[in-house]
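Good morning, everyone. Please have a look at the structure on the screen before I start.

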Amino acid sequence: MEERRYYKFGLRAIYSEEKPKGIVRYYAYQWKTGEFKQDITYMHKIFHDYSGESEELTKEEFDAYVKQLRVEGGHELKIN
């Protein structure tokens, strides 16, 4: 079963999916499209953040934040 975790790094929304066998993938919000694209660089940024820019969110907080980003960016509302 997949497990998702939700983050905000600076202003960017990020989520991770842990697949069976421990494989974890990170997806970053794309400002131009309003979609999420796989970006493994955020694994390091989130877990080795000494700047305080990383924040873990609940699913509800994440969905609300993504909705806000998409409205502000003029993108169709799509919740993952």
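**Salt bridges, then the sheet**

Let's begin with one pair of side chains. Asp63 forms a salt bridge with Lys59, and their closest N and O atoms are 2.8 Å apart. Where do Asp63 and Lys59 lie? Both lie in helix H2, four residues apart, which is about one turn of the helix. Asp63 is buried, at a relative accessible area of 18%. The cut-off for buried is under 20%. Lys59 counts as partly exposed, at 35% relative accessibility.

Keep in mind that this is a predicted model.

Why might such side chains pair at all? Side chains of opposite charge can pair when their charged atoms come close. How many salt bridges does the structure hold? It holds four.

Next, a pair within the sheet. The side chains of Glu17 and Arg4 meet in a salt bridge, 2.8 Å from N to O. Glu17 lies in strand S2 and Arg4 lies in strand S1, so this pair ties together parts that are 13 residues apart in sequence. Is Glu17 buried or exposed? Glu17 counts as buried, at 7% relative accessibility. Arg4 counts as partly exposed, at 28%. There is also a network here: salt bridges link Arg4, Glu17 and Lys19.

Now Glu56 and Arg5. Their side chains meet in a salt bridge as well, 3.0 Å from N to O. Glu56 is in strand S5 and Arg5 is in strand S1, so the pair ties together parts that are 51 residues apart in sequence. Glu56 is partly exposed, with a relative accessible area of 43%. Arg5 is also partly exposed, with 34%.

On to the sheet itself. What is the order of the strands? This is an open sheet of five strands, in the order S4-S3-S2-S1-S5, and the pairing is antiparallel. Strand S4, residues 36-38, and strand S5, residues 54-57, are the edge strands, and each pairs on one side only. Neighbouring strands are turned by 30° against each other on average, ignoring direction.

Strands of a sheet pair through backbone hydrogen bonds, either parallel or antiparallel.

Let's walk across the pairs. Strand S1 covers residues 3-9, and four bridges join S1 to S5. Phe9 has Ser54 in S5 as its bridge partner. On to S1 and S2: seven bridges join these antiparallel strands. Here, Tyr6 has Tyr15 in S2 as its bridge partner. S1 and S2 form a hairpin with two residues between the strands, and Gly10 takes a positive phi near 65°.

Then S2 and S3. Five bridges join these two, which run antiparallel.

How covered is S2? Mostly covered: six of its seven residues are buried.

Which strands does helix H2 touch? Helix H2, residues 59-73, packs on the sheet and touches S1, S2, S3, S4 and S5. The direction of H2 makes about 135° with that of S2.

That's my tour. Thank you.

Conventions. Residues numbered from 1 in each chain as written. Predicted model: local features only at pLDDT ≥ 70, side-chain atom pairs only at ≥ 80, totals over all residues. Heavy atoms only, no water. Pairing = 2+ DSSP bridges. Axes fitted to C-alpha atoms, helices over the stretch in contact; angles between N-to-C directions. Contact = heavy atoms within 4.5 Å. Buried < 20%, exposed > 50% of the residue type's maximum accessible area, 1.4 Å probe, protein only.
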